[in-house]
Amino acid sequence: MRVRRGPAVGAERRRHGVRRVAATATAAALVLALAGCDSGGAEPGPILRSGSASPEPRTALTFGVFGPEEEVSAFQGVVDNFNASAEDSEVRLRSWDDHDAMMADLRGQDGSAAKLPDVFMVSRADLAWLQEKQLNQPVDELLDERGVDFGDGYSRDALEAFSSDNRLQCMPYAISPMVIYLNKKLVDFTRMQKREISAPDPESDNPHWNFDQFTAAAQFATRPRKGTRGVYIDPTLTGLAPFIYSGGGQVFDDEEDPTSLAFSSEETRSALERTLQLLRDPHVTPTQQQLAKASALTWFERGRLGMIAGFRSLVPELRQVQGLDFDVMPMPSLDGGATVGDITGLCLSADAASSSAAADFLVHALSTEAVSRVVRSGYLVPANLEVAASDDFRQPGRLPNHSAVFSTSVRTLRVPPLIDTMPELEKAVSGSLDDLLNVPVLDLEAVTDKIDEESQPVLDPEGATEDAQ
């Protein structure tokens, strides 16, 4: 965990100095007035000494965030700007390297929550835990009192993602949709079209493609003589979900209160059957031996892999790879657009030192100027629609060329049910998901049945126990 404190500023000292001068003048005037009213027989009144009254102490607040050093540095700038102008409170930044490190620290070793920062960043997946433990307080009324515009400034889906019990529990801050990263030297749409291969329009400001074009691009990028492969998708729920949703299937049996995965449904099997024709093709995907030597991301950075799926947080890293010319495309469409991702929010602790002061800082952190400062570090897609449309986010002249793809992909984001067991769920079905992509002879019906069965003890432990009896 990293701890930083905003520096005191000369302007604040000058303000305190002005207040001290004013206090001195007022005290002197009051002494003279009392003396003038003395009739000579009255006992002398108390002598008021300038500087005897201590200023009210500033409310000490903490702001908890996670992220890489460059992003945390931008958050420190947000804190410093607030402290420079705030008269009644002072904010200290607490930071962690990533989300998992932060939540492991806050949840505690024995599952009991540690004291949360007064204002803190969370993933939408943390909301179930926060509410179960009653650790946050709703922000809607506090922000409404301070004139924050919910309707036009943020997407409805983002607001609904952090809503529960008919209240806005936390304020959306960033949205990270999954997209396809492509190596432009291996996946060249212009060359594909010249060879009469169906490909997206390379000049489009709003590119999109179907699954057949995605397949053609993977095949085009595969060059056996040069040792390149076309595409890699992680065999995980997150990796496969966009293809399932796009093909008309469902990942969960219920979008509100799931008791099982829905891989064995007819619609999901149909979407998987179409998707796996490409993702199981050993000629266009990296071999298990290659992946044992290096990750798919490493092969992509080496210029040996045409496409991978990923999030905005990859951009700063890929920009540092010398000679890598990359771009982004939305997830390919089977029957309709669909993607998945994470939504990050800013919450107020139920045990905040001052709810009013914490809400004041939250308004500052959500301002266009503050969000723009953090966005310029390149790691996140802002939930603030004004910032998302700005050059601070799109960063023209820098890779990727089509940064707007991140913003447009938010429109097709499928938000999963609000459950607190996604890591356990991924672990429970990981072996069977790997079989979907890698077992030599696939029995799709048997494997999908097994995936659903493996998910039930995690999603519905009481029901699974009853079935076993």
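How much accessible surface does the chain have, and what share of it belongs to carbon and sulfur atoms? The accessible surface comes to about 23,100 Å², and carbon and sulfur atoms account for 48% of that. Keep in mind that you're looking at a predicted model.

**The whole chain**
- The chain has 469 residues, and 47% of them count as buried.
- Take the contacts with a separation of 6 or more: 74% of them are between residues 24 or more positions apart.

**Some background on the backbone**
- Most peptide bonds are trans, and most residues other than glycine have a negative phi.

**A cis peptide bond**
- L399 and P400 are joined by a cis peptide bond, with omega at about 0°.
- To find P400, go to the loop between helix 17 (391–394) and helix 18 (404–409).

**Positive phi at Q134**
- Q134 isn't a glycine, yet its phi is positive, at about 55°.
- This residue sits in the loop that runs between helix 4 (127–132) and strand 5 (136–137).
- Is Q134 buried or exposed? Q134 counts as exposed because its relative accessibility is 67%, and the cut-off for exposed is over 50%.

**Positive phi at D165**
- D165 isn't a glycine either, and its phi is positive, at about 55°.
- Look for D165 in the loop between strand 6 (163–164) and strand 7 (167–168).
- With a relative accessibility of 62%, D165 counts as exposed.

Terms used:
Residues are numbered from 1 along each chain as its sequence is written. This is a predicted model: local features need pLDDT of at least 70, side-chain atom pairs count only at pLDDT 80 or more; totals for chains, interfaces and linings use all residues. Side-chain values use heavy atoms; hydrogens and water are left out. Buried means under 20% relative accessible area, exposed over 50%, partly exposed in between (1.4 Å probe, protein chains only). Contact means heavy atoms within 4.5 Å. Accessible areas come from the Shrake-Rupley method with a 1.4 Å probe; for residues, only the protein chains shown count as cover. Helices (H or I, at least four residues) and strands (E, at least two) are DSSP runs, numbered from the N terminus.
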